[in-house]
Amino acid sequence: MTVSPAAHEVLGCLAAFDHSGPHRTPPLRRRTHLSEESYRAALHELSDLGLVRLEQEDLWVTTLGSHIVDAAFA
């Protein structure tokens, strides 16, 4: 599965956690080098691909997302 560089950066941040969530999206952005707009676009891309589930300011990594994160960053 191919994702944009911005989405890959967000996945890299999520790889540091040993739980699926919830992760607060504003603090998670501070772990990236992305602008607010790029970060939001990356979150929506990951959500559209089924890798994360967004609910307002929280996100959870899905089972598929967890497998992708493990494969990319293990």
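pLDDT is the predictor's confidence in each residue, on a scale from 0 to 100. You'll want that in hand, since this is a predicted model.

**Exercise 1. Find which element of the protein has the lowest mean pLDDT and which has the highest.**

Solution. Now go element by element.

**Exercise 2. Work out how H1 is oriented relative to H3, then list the residues that make the contact.**

Solution. First, look at the axes: those of H1 and H3 come within 8 Å and cross at roughly 80°. Next, apply the cut-off, by which 65 to 115 degrees counts as roughly perpendicular. The two helices, H1 and H3, are therefore roughly perpendicular to each other. Then pick out the residues. H1 brings Ala 6, Ala 7, Val 10 and Leu 11, and H3 brings Ser 38, Tyr 39, Ala 42, Leu 43, Glu 45 and Leu 46. Sorted by class, the contact of H1 with H3 has eight nonpolar, one polar and one charged residues.

**Exercise 3. Say how many residues the largest nonpolar core has and which element gives the largest share.**

Solution. Count the members: the largest nonpolar core has 18 residues. Val 10, Leu 11, Leu 14, Leu 28 and Leu 46 have the most contacts inside this core. Next, check where the core's residues come from. H1, helix H3 (36–48) and strand E3 (58–61) are the elements that give two or more residues. The largest share is six residues, and H1 supplies it. Now zoom in on one member: leaving aside neighbours within four places in sequence, Leu 46 touches Val 3, Ala 7, Val 10, Leu 11, Leu 51 and Val 52. For background, nonpolar side chains tend to be buried together in soluble globular proteins.

**Exercise 4. Decide whether Thr 25 is buried or exposed, and do likewise for His 33.**

Solution. Thr 25 lies in helix H2 (residues 25–29). The relative accessible area of Thr 25 is 0%, and under 20% counts as buried, so Thr 25 is buried. Beyond four places in sequence, the contacts of Thr 25 are Tyr 39, Arg 40, Leu 43, Leu 54, Glu 57, Asp 58 and Leu 59. His 33, for its part, lies in the loop between H2 and H3. With a relative accessible area of 77%, His 33 is exposed.

**Exercise 5. Find where the cis peptide bond is and which residue other than glycine has a positive phi near 55°.**

Solution. The bond from Gly 21 to Pro 22 is cis, with omega near 5°. Pro 22 is in the loop between H1 and strand E1 (23–24). The positive phi, near 55°, belongs to Gln 56. Gln 56 sits in the loop between strand E2 (52–55) and E3, and at 77% relative accessibility Gln 56 counts as exposed.

Methods
Residues numbered from 1 in each chain as written. Predicted model: local features only at pLDDT ≥ 70, side-chain atom pairs only at ≥ 80, totals over all residues. Heavy atoms only, no water. Core = buried A, V, L, I, M, F, W, Y, C linked by side-chain atoms within 4.5 Å. Buried < 20%, exposed > 50% of the residue type's maximum accessible area, 1.4 Å probe, protein only. Helix = DSSP H or I, 4+ residues; strand = E, 2+ residues; numbered from the N terminus. Contact = heavy atoms within 4.5 Å. Axes fitted to C-alpha atoms, helices over the stretch in contact; angles between N-to-C directions. Parallel < 35°, antiparallel > 145°, perpendicular 65-115°, else oblique. Nonpolar A, V, L, I, M, F, W, Y, C, P; charged D, E, K, R; others polar.
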